[in-house]
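Good morning, and thank you for making time.

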Amino acid sequence: MREGVQPWIENQVSLPLRARNVEVVHVDMRAPPGVDVQADLADPVDVRRLRALRPRALLCCNLLEHVIEPDRLARHCLDLVAAGGLLFVTVPLSYPYHRDPIDTMYRPNPAEFAELFGGARLLDSMILGAGMSYRDAVLERPWLLLRHLWRLPVPFLSFEKWKRSVARLYWLVAEYRITCAVFEKL
């Protein structure tokens, strides 16, 4: 994923860190290629196991919208680092529904982020434009528009899917935006 679909993760985050001899450990609840440790950050047993790695910093990128209890996950992330440890957290602010396997549509702004990570000091936060939108996917695969055009006149087949399809058309013109924050554990 971070080399093929989103190569900027490897090129702009992992490679520069490794070049500075910073050990990077990739954690995911699934075990696709490139995952170093399979663990569920919502599971207290896995959090204790990860804490044994003694991370000094944690990147929690676009994960909080995929969990039912983002406050619990935030507490677990804070539990992973010692006092003075850093947490770099991102979550979509303006982005369409996307399952992986769920999307709770949690889209906090920086102030809401600060409240969520109450056991840490907010060092910096911002909202970044991603420089891309659904239009980019449609330009690569124009047939995607046919799916929306087909669904438009038939909301009765599945009203929920129809609403998501129609809402996706908004993203043809709206840029994706991301809430980013850096916290220091107290």
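I shall begin with how the model was treated and then turn to the chain itself.

This is a predicted model, in which local features need pLDDT of at least 70 and side-chain atom pairs count only at pLDDT 80 or more, while totals for chains, interfaces and linings use all residues. Residues are numbered from 1 along each chain as its sequence is written, and side-chain values use heavy atoms, with hydrogens and water left out.

The protein chain contains 7 helices and 6 strands; these are DSSP runs, H or I of at least four residues for helices and E of at least two for strands, numbered from the N terminus. Their order from the N terminus is α-β-β-α-β-α-β-α-β-α-α-α-β. The C-alpha trace spans about 55 × 35 × 30 Å along its principal axes.

Of the 186 residues, 31% are buried, meaning under 20% relative accessible area with a 1.4 Å probe, protein chains only. Taking contacts (heavy atoms within 4.5 Å) between residues at least 6 apart in sequence, 67% join residues at least 24 apart.

Now to helix α2, residues 44-51. Which of its residues are buried? They are Asp 46, Val 47 and Leu 50. These three lie on the same side of α2, because they cover an arc of only 105 degrees around the axis, taken from the directions from the helix axis to the C-beta atoms. Their cover includes β1 (27-28), β2 (37-38) and α3 (70-80).

Finally, at the start of α2, a side-chain oxygen of Asp 43 comes to within 2.9 Å of the backbone nitrogen of Val 45.

How values were computed: Buried means under 20% relative accessible area, exposed over 50%, partly exposed in between (1.4 Å probe, protein chains only). A polar contact is a pair of N or O atoms within 3.5 Å; within protein, one must be able to donate a hydrogen and the other to accept it, and residues adjacent in sequence count only if both atoms are side-chain atoms.
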